[in-house]
Amino acid sequence: VKKNRLAIKSLPDSPLKLNGQIFRLPVNSHCDLALDNIANVEHGSIWIIENYRCFDCLDSIKLHALAAQTEPLVVFRGDNVYQARTVLSLIEKLQLPVWVMGDLDPKGLSIAQSYPSFAGLIAPDITVLEGYLNDTRKSNPKLYEKQLAGCRHALSGTRYPIIKAFWLLIKLHQAGIVQEHWLLGDTILKMHPAQTGSVK
């Protein structure tokens, strides 16, 4: 296990600005770095990406033009190699707004809203999400069934309008959507601020 290490990168065609230096990473690559070696970053936000394939192939995901304006430090959320606790320590250390690109299912929403400085979701327009949930080839009822009991209370009491809006839709369809779908087709991901009821 890579204890206290992080997988970080910048947006495609943007530099990684770390410890007063500027780095240009190749496509499908990232920087593996110890948390203690991050003194400062010149990024305006943190993006947490749940799925490693989406993190690795971020250049294949279509993002709304306004997404780049958040100037994010992009971080892999963690698995059995990189630890989620280290990501949380990074968030606490940098004190930047946190945007989350995760699976749109009960657990994904619950984890997203639990981050300190949660700023919003990186996801399709809510009308596009409804189309995914109506498509039996893309929606996953098993995710909903498996995660409902553990997440229902946290989501029902959410203080974030955007989490509530997505949760109501997922609950209505009783299914979730995994984020690997964003690697295919023409789906554009937008920034959905946490504190507004409307989807930007």
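The model is a predicted one: local features need pLDDT of at least 70, side-chain atom pairs count only at pLDDT 80 or more, and totals for chains, interfaces and linings use all residues. Residues are numbered from 1 along each chain as its sequence is written, and side-chain values use heavy atoms, with hydrogens and water left out.

**Strand 5 and the sheet**

Let's start with strand 5, residues 45-49. Helices (H or I, at least four residues) and strands (E, at least two) are DSSP runs, numbered from the N terminus. Is strand 5 buried or exposed? 5 of its 5 residues are buried, so strand 5 is largely enclosed by the rest of the structure. Buried means under 20% relative accessible area, exposed means over 50%, and partly exposed is in between, using a 1.4 Å probe and protein chains only. Both faces are covered: S45, W47 and I49 sit on one side, with I46 and I48 on the other.

Who are its neighbours? Two strands pair if DSSP finds at least two bridges between them. Strand 5 runs parallel to strand 7 (residues 72-76), with 5 bridges between them. Here I48 stands opposite V75, and I49 has F76 as its bridge partner. Strand 5 is also parallel to strand 8 (residues 98-101), this time with 4 bridges, and I49 stands opposite M101 there.

Zooming out, 8 strands make an open sheet with mixed pairing, in the order 4-1-7-5-8-9-10-6. At the edges you'll find strand 4 (31-34) and strand 6 (62-63), each pairing on one side only. Helix 2 (residues 84-94) packs on this sheet and touches strand 1 (5-9), strand 5, strand 7 and strand 8. Contact means heavy atoms within 4.5 Å. The direction of helix 2 makes about 160° with that of strand 7; axes are lines fitted to C-alpha atoms, for helices over the stretch in contact, and angles run from 0 to 180 degrees between N-to-C directions.

**Two pockets**

Rolling a probe the size of a water molecule over the atoms shows where empty space is left. On a 1 Å grid over the protein atoms alone, a pocket is an open set of points where a 1.4 Å probe fits, with protein on both sides within 12 Å along at least five of seven lines; lining residues have an atom within 4 Å of a point. Grid points are joined across faces, edges and corners, and a volume is the space filled by probe spheres set on the points.

| Pocket | Volume | Lining residues by type |
|---|---|---|
| Largest pocket | about 210 Å³ | 5 nonpolar, 4 polar, 5 charged |
| Second largest pocket | about 170 Å³ | 2 nonpolar, 2 polar, 6 charged |

In these counts, Ala, Val, Leu, Ile, Met, Phe, Trp, Tyr, Cys and Pro are nonpolar, Asp, Glu, Lys and Arg are charged, and the others, Gly among them, are polar.

Which residues lie nearest the centre of the largest pocket? They are L11, P12, D13, L25 and P26, out of 14 lining residues. The lining of the second largest pocket includes E50, R77, D103 and K146. Helix 3 (106-114) and helix 5 (141-156) each supply at least two residues of that lining.

**Two residues to look up**

L169 lies in helix 6 (residues 161-173) and counts as buried at 10% relative accessibility. Leaving out residues up to four places away in sequence, L169 touches I126, L129, E130 and L133. The C-alpha atoms of L169 and E130 are 7.2 Å apart, although 39 residues separate them along the chain.

Q69, in the loop between strand 6 and strand 7, is exposed, with a relative accessible area of 61%.
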